[in-house]
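Please find below a short note on this model, in numbered points.

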Amino acid sequence: MTTPATPAPPRADAPIITMDKVVKRFGETTVLNALDFQVAQGEKVTIIGPSGSGKSTVLRILMTLERIDGGLIHVAGKPLWHEYRKGGLVPASEAHLRAMRKEMGMVFQQFNLFPHMTVLRNVTESPIHVQGLSRAEARRRAYQYLELVGMSGHADKFPSQLSGGQQQRVAIARALATRPRIMLFDEPTSALDPELVGEVLGVIQRLSEEHDLTMLLVTHEMEFARRISDRVCFFDQGVVVEEAAPEVMFSHPREARTRDFLKNFIDARA
Ligand SMILES: Nc1ncnc2c1ncn2[C@@H]1O[C@H](COP(=O)(O)OP(=O)(O)OP(=O)(O)O)[C@@H](O)[C@H]1O
Ligand SMILES: [Mg+2]
């Protein structure tokens, strides 16, 4: 990992996520090409863009599931993949990454619930084993979030006994149960049958309206993106080509590539 020569110390009014010239390669392929990207505290940001443009990679890097090859990321004022030691930046230790991970919760396209655990245990697992909550406190908290996603009546079921939409709502409760400040959603509805998409989008919309969460969401649901986002970012080839408020992005995109992408999407849905 390359470390920038002169690290800028985090400022008090810094956004909750800052990516500075982030580089990510897989072998010979450069997936993120000096990406600059910021998200403010409480902001709801949607990332759109063609397949392979690096959308999931950005979320996976923030969740510390993928390392970076260059640049610097700050989350909540602290470096994510580095830490300060003796006045300089060094690559982050496992302990630092574990601490930073607590700021974030992630919801995946394929739900990724633990198949051998009940709904309740899926949601209490991390609060008990990572955060050290008592079993009783974790259960109380789990029911609070299962209630929020409309799944408290299914606490004793196993994931295989639930529909895709129900599994995804449990996955959202599970991510919320660690009380992250930032929620990352990677195409949370694209593995669902069309009739189940609405229930999951409804939960995410409620979260965005009623909770002071920072949300970063990758989606192909353009209507939904328009409705919930403070800002929409169009990614292509590992850079942000264009970003704007949804009403601007979906009516007057500036860049030809964005216009093409949105036109194709509308065509594909017509
Ligand atoms: N673990 C990996 N090993 C090798 N290449 C990878 C890996 N993960 C992603 N890539 C490559 O990185 C690029 C960006 O992938 P990424 O999954 O971030 O795209 P995406 O924008 O999320 O696409 P999609 O809309 O299809 O989900 C792609 O070319 C992909 O093949
Ligand atoms: Mg993806």
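1. In this predicted model, ligand 1 is surrounded by Phe26, Val31, Pro50, Ser51, Gly52, Ser53, Gly54, Lys55, Ser56, Thr57 and Glu187, a residue being counted if one of its heavy atoms lies within 4 Å of the ligand. Helix α1 (residues 55-62) supplies the largest share of this shell, three residues; helices are DSSP runs of H or I with at least four residues, strands are runs of E with at least two, and both are numbered from the N terminus.

2. By class, the shell has three nonpolar, six polar and two charged residues. Here Ala, Val, Leu, Ile, Met, Phe, Trp, Tyr, Cys and Pro count as nonpolar, Asp, Glu, Lys and Arg as charged, and the others, Gly among them, as polar.

3. Oxygen atoms of ligand 1 lie 2.8 Å from a polar side-chain atom of Ser56, 3.0 Å from a backbone N or O atom of Gly54 and 3.5 Å from a polar side-chain atom of Glu187. Of the 640 Å² of accessible area that ligand 1 has on its own, the protein covers 58% (Shrake-Rupley method, 1.4 Å probe).

4. Helix α2 (residues 94-101) has His96, Leu97 and Met100 as its buried residues, buried meaning under 20% relative accessible area (1.4 Å probe, protein chains only). Seen down the axis of α2, these residues fall within an arc of 100 degrees, so they line one face of the helix; the arc is taken from the directions from the helix axis to the C-beta atoms.

5. The buried residues of α2 pack against β4 (70-75), β5 (78-79), β6 (82-85) and β8 (104-107), with contact meaning heavy atoms within 4.5 Å.

6. Residues are numbered from 1 along each chain as its sequence is written, while chains are lettered from A and ligands numbered from 1 in the order in which they are written. Local features need pLDDT of at least 70, side-chain atom pairs count only at pLDDT 80 or more, and totals for chains, interfaces and linings use all residues, while side-chain values use heavy atoms, with hydrogens and water left out.

Methods:
Buried < 20%, exposed > 50% of the residue type's maximum accessible area, 1.4 Å probe, protein only. Polar contact = N/O pair within 3.5 Å; in protein donor to acceptor, adjacent residues only side chain to side chain.
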